[in-house]
Amino acid sequence: MMDVCASVHGLRLKFAGSPTLQFEDLFIEMVKGQKVLLLGPSGCGKSTLLQVLTGLIPQAIEIPMKCDAIQIPPSWGYVFQDPDTQFCMPFVDEEMAFVLENLGVPRAEMPQLIQSGLREVGLNFDENHVAIGSMSQGMKQRLAIASVLALKPEVLFLDEPTSLLDPEGTREVWDTIKAVGQDKTIIIVEHKIDEIIDFVDRVVLFNKYGEILADGAPKRVFADYSAELQEYGIWYPGVWQHYTADPAYMEIAGRRRGHEQHSKNTSASMVDAESVMLHSFSGYQGRRETKITVADLSLTTQEWVAVVGHNGAGKSTLLQAMMQLIPTSGSYRLQGQQVRGFKDVAETAAYVFQNPEMQFVTNSVLDEAAFGFKLDGKSDYTRRAEALLAEFDLFSQRDLHPYQLSLGQKRRLSVATAMVKDQKLLLLDEPTFGQDAANTFAILEMLEAWRQKGTTIVMVTHDLDIVRYFATRVWVVEHGKLTADLSPADYINNNTQMLTTIAASK
């Protein structure tokens, strides 16, 4: 007889403002020792199910739900999608100590346990009393994982634990989870499945309505439900190969090659083609500590720059400096005009934050989509907003508060609202994390359409397939400096060596 450690029978759940149930009579059981991957399109309820199985819903998160029976594990740990929701203390060592104190660990034993726990997830500080607020989102994600592993739970609930990590960090963290989780039950929500496809022994596949389509061994699910995986736009092995073989992408690739050839034939000194120029440019934290430095570079219109590098290298800081959200020095010209502050970029540039909640200013998804159109004086702002939401597959969520959306839906909303004024420079910080395949490709195609219209795109990403298939240039950021400006082909060819060098220098 199977030893069930977590289950829910007859689950019925509905978010306030939603016209339909998130789950209707859902039945699922988790067997002790299993490694389970929950797959499904963005917004289908995967994260919600994890929160139900831990009792966070409705005990900590007040969402109306009913069920016939539920079994919550006596010992569990949870890694959230958004690491900022995880922490109780302001400093790294205090966060780890908080966990250990709750476990009754003697004070004298804490420093060594804190140090080993941080190193286990690739966090190596000279001094562990580091302000969590000063860390990159990827570093925060590592800390969240370290704090949960310190609990030594019997069941691990992992909600996209590596979504904000660079490829090397992703491998390191999954190696750690695999090593410490051999005898644990692990329930995973993850879009980046390449690192875990051979680790999980069960896949539960959901459709967009939160209904279970398949439940079984990974090979069988991927083989028997390939049509459904493609229909619902769910990540599966080989999805990029299938996508790039499609005629729609072949047309995109043709335009991209045309742009590259045009760039080679165009003089770099043509000022009217230059979108961005940086010279001896630096961004600061509190006007004193230099966080990012760029010696000299320029961008022409219609470039798509992928900004890459390990977590904490300064990628997000570079975008913040270009958007004038932090103090800067040096020369910065945008569309031929000298930039001296935020007012000089506000009408020309748009910014998509890594944390989408930092962008929301209204109390409904529809109002959020309409906000920019209202500011721009559009009388038909409601019609425009509804069309925008439909384009980003958010129309049915229009009456919800933005905070009620899944992380992937929040991200789509933040991207959708960024370009209502057709700005000439678009700065995006990890716009595709938390997305299913269908919405990832839809976002990328929308960005490509904007690029074709004359927008210059600068996008932080850890996804090498995006670099390979969409970027026209790659900026490598290491230790607070932009160290390389490469073609995508050169970066991909040198990627293994480069990642090894970056990992060794951390």
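Modeller: Buried means under 20% relative accessible area, exposed over 50%, and partly exposed in between (1.4 Å probe, protein chains only). This is a predicted model: local features need pLDDT of at least 70, side-chain atom pairs count only at pLDDT 80 or more, and totals for chains, interfaces and linings use all residues. Residues are numbered from 1 along each chain as its sequence is written, and side-chain values use heavy atoms, without hydrogens or water.

Biologist: Which residues of H11 are buried?

Modeller: Helices (H or I, at least four residues) and strands (E, at least two) are DSSP runs, numbered from the N terminus. H11 covers residues 315-322. Its buried residues are Lys315, Ser316, Thr317, Leu318, Leu319, Ala321 and Met322.

Biologist: How many of the residues of helix H11 does that make?

Modeller: The helix is largely enclosed by the rest of the structure.

Biologist: Which residue just after H11 takes a positive phi?

Modeller: Look just past the end of the helix. The phi there is about 60°. The residue is Gln324.

Biologist: Is Ile188 buried or exposed?

Modeller: Ile188 sits in strand S8, residues 185-189. Its relative accessible area is 0%, so Ile188 is buried.

Biologist: How far apart in space are Ile188 and Pro161?

Modeller: In sequence, 27 residues separate Ile188 from Pro161. In space, the C-alpha to C-alpha distance is 8.5 Å.

Biologist: Is Leu375 buried or exposed?

Modeller: Leu375 belongs to helix H12, residues 365-375. With a relative accessible area of 61%, Leu375 is exposed.

Biologist: How many salt bridges does the structure hold?

Modeller: A salt bridge puts a side-chain nitrogen of Lys or Arg within 4 Å of a carboxyl oxygen of Asp or Glu. Arg383 with Asp380 is one of them. The structure's count is 14.

Biologist: Which parts does the salt bridge between Arg12 and Asp25 tie together?

Modeller: The two side chains meet at 3.3 Å, N to O. Arg12 lies in residues 4-13 and Asp25 in residues 23-31, so the bridge ties together parts 13 residues apart in sequence. Those parts are strands S1 and S2.

Biologist: What are the relative accessible areas of Arg12 and Asp25?

Modeller: Arg12 is partly exposed. Asp25 is partly exposed too. The value for Arg12 is 27%, and for Asp25 it is 49%.

Biologist: Which residue is linked with Arg12 and Asp25 in a network of salt bridges?

Modeller: Arg12 and Asp25 pair through their side chains. The network also takes in Asp68.

Biologist: How far apart are the closest N and O atoms of Arg383 and Asp380?

Modeller: Arg383 is exposed, with a relative accessible area of 52%. Asp380 counts as partly exposed, at 23% relative accessibility. The closest N and O atoms of this salt bridge are separated by 2.5 Å.

Biologist: Which helix holds both Arg468 and Asp465?

Modeller: Their side chains form a salt bridge at 2.9 Å, N to O. Arg468 and Asp465 are three residues apart, so about one helical turn separates them. The helix spans residues 464-469 and is H16.

Biologist: What is the relative accessibility of Arg468?

Modeller: Arg468 pairs with Asp465 in the salt bridge. Arg468 counts as partly exposed, and its relative accessibility is 33%.
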